[in-house]
Amino acid sequence: MTPTEYLAVQKKKVDTFLDDYLLPETTKPESIHKAIRYSVFSGGKRFRASLCIASNEVFGGSIDSVLSVAAGIELIHTYSLIHDDLPCMDNDDLRRGKPTLHRAFGENIAVLAGDALNALAFDLVARAEDCRLVQILAKAIGTEGMIGGQVADVESNRRADIREVDVKFIHMRKTAKLINASLEMGAVSAGASSEKINIIKDFGSRIGLAFQIVDDILDIESSSEVLGKNVGSDEDNDKATYPKVCGLEKSKKIACEIIEEAKTLLTALEEDTIILKGLAQFVINRVD
Ligand code: GRG
């Protein structure tokens, strides 16, 4: 199975699960339930959920026990996109080819939909009845994770003194921590040993960093039709990106090198990691 086919199969499972789990749009107050469904089902590759499921499969886990965890991770990811698009953050109009949530439903509902998704995500992860998973997720999105990365990101806008080390600090937290946690949670819920979990975490940090570097590159080289969001917004907001500090070609080289390193790390595992290696390669090959 190609990585794209694998992602499509997992996306179907995750979306079916979430459609069943999320309250119908007719539930009162309708606006928040409509807003949640608008964002969750607006598309999205389900890359993080797929990593969680793939990592779980590698170590012999079962989809029945990991699906709610993978779905919860996607709710956190959707929450982060909603808040990232807000006027007080990146102030974006377009996401996944549709108006951003605050454009479609208003800023107040967008903030609250993000907050609701956070609560729902932890409800889903808690269903696995392993409190380590809750802790991994909480740490990944906290002040040493996504939120810390986002703070460093907004504080670095329009600064001329940003270096590669600063951009790496942001990317490792804002993007890599949740990707890393997705893989770790999959491995933990399959009962992998701590030695193997550490390998998966090192793999996750690398593909998470490369994922955001490629995102920076796509913001320059792709189109809004393909990406489903406005391109060139990093330059417009004078954001801290790899192309800004290293140049475009060097950024591509760095991303490729990191992915090669990530794939090499997996050779230390005796399990079949072909899907994970394919998903790592997908990070470089992706077009959106
Ligand atoms: C604590 C959840 C939370 C958020 C608060 C707003 C914020 C802090 C963080 C923003 C983090 C962020 C949006 C990072 C960008 C990550 C990224 C590259 C997103 C695009 O991911 P894809 O390509 O998107 O997987 P799809 O649409 O395919 O799901």
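# Reading the pockets, the cavity and the ligand site

Author: The second largest pocket is lined by Ile 136, Lys 139, Ala 140, Glu 144, Lys 177, Asn 180, Ala 181, Glu 184 and Lys 201. Helix H7 (131-141) and H9 each give two or more residues to this lining. The model under discussion is a predicted one.

Reader: Which element gives the largest share of the lining of the second largest pocket?

Author: That element is H9, from which four residues come. By class, the lining of the second largest pocket holds three nonpolar residues, one polar residue and five charged residues.

Reader: How much space lies in the largest pocket, and which residues lie nearest its centre?

Author: The largest pocket contains about 1,100 Å³ of space. Its lining comprises 49 residues, and those nearest the centre are His 77, Ser 80, Leu 81, Asp 84 and Arg 95. Two or more lining residues come from each of helix H3 (47-58), H4, H8, H9, H10, helix H11 (224-227) and helix H12 (233-236).

Reader: Which element gives the most to the lining of the largest pocket, and how does the lining divide by class?

Author: H4 gives the most, with eight residues. The lining of the largest pocket has 15 nonpolar, 15 polar and 19 charged residues.

Reader: What distances separate the side chains of Lys 45, Arg 48 and Arg 96 from oxygen atoms of the ligand?

Author: The cut-off for a polar contact is 3.5 Å between N or O atoms. For Lys 45, an N or O atom of the side chain is 2.6 Å from a ligand oxygen atom. For Arg 48, the distance from a polar side-chain atom to an oxygen atom of the ligand is 2.7 Å. For Arg 96, a side-chain N or O atom is 2.7 Å from an oxygen atom of the ligand.

Reader: How much of the accessible area of the ligand does the protein cover?

Author: On its own, the ligand has 760 Å² of accessible area, and the protein covers 93% of it.

Reader: How many cavities of 30 Å³ or more are there, and which residues lie nearest the centre of the largest cavity?

Author: A cavity differs from a pocket in that the probe fits but cannot get out. The count comes to one cavity of 30 Å³ or more, and the volume of the largest cavity is about 100 Å³. Of its 13 lining residues, Ser 39, Ser 42, Ile 82, Arg 95 and Leu 101 lie nearest the centre. Helix H2 (30-40), H4 and strand S2 (98-99) each supply at least two residues of this lining, and H4 has the largest share, four residues.

Key: Residues numbered from 1 in each chain as written. Predicted model: local features only at pLDDT ≥ 70, side-chain atom pairs only at ≥ 80, totals over all residues. Heavy atoms only, no water. Polar contact = N/O pair within 3.5 Å; in protein donor to acceptor, adjacent residues only side chain to side chain. Areas by Shrake-Rupley, 256 points an atom, 1.4 Å probe, with all protein chains shown as cover. 1 Å grid on protein atoms, 1.4 Å probe; cavity = no way out; pocket = protein on both sides within 12 Å on 5 of 7 lines; lining within 4 Å. Points joined across faces, edges and corners; volume = space filled by probe spheres on them. Nonpolar A, V, L, I, M, F, W, Y, C, P; charged D, E, K, R; others polar.
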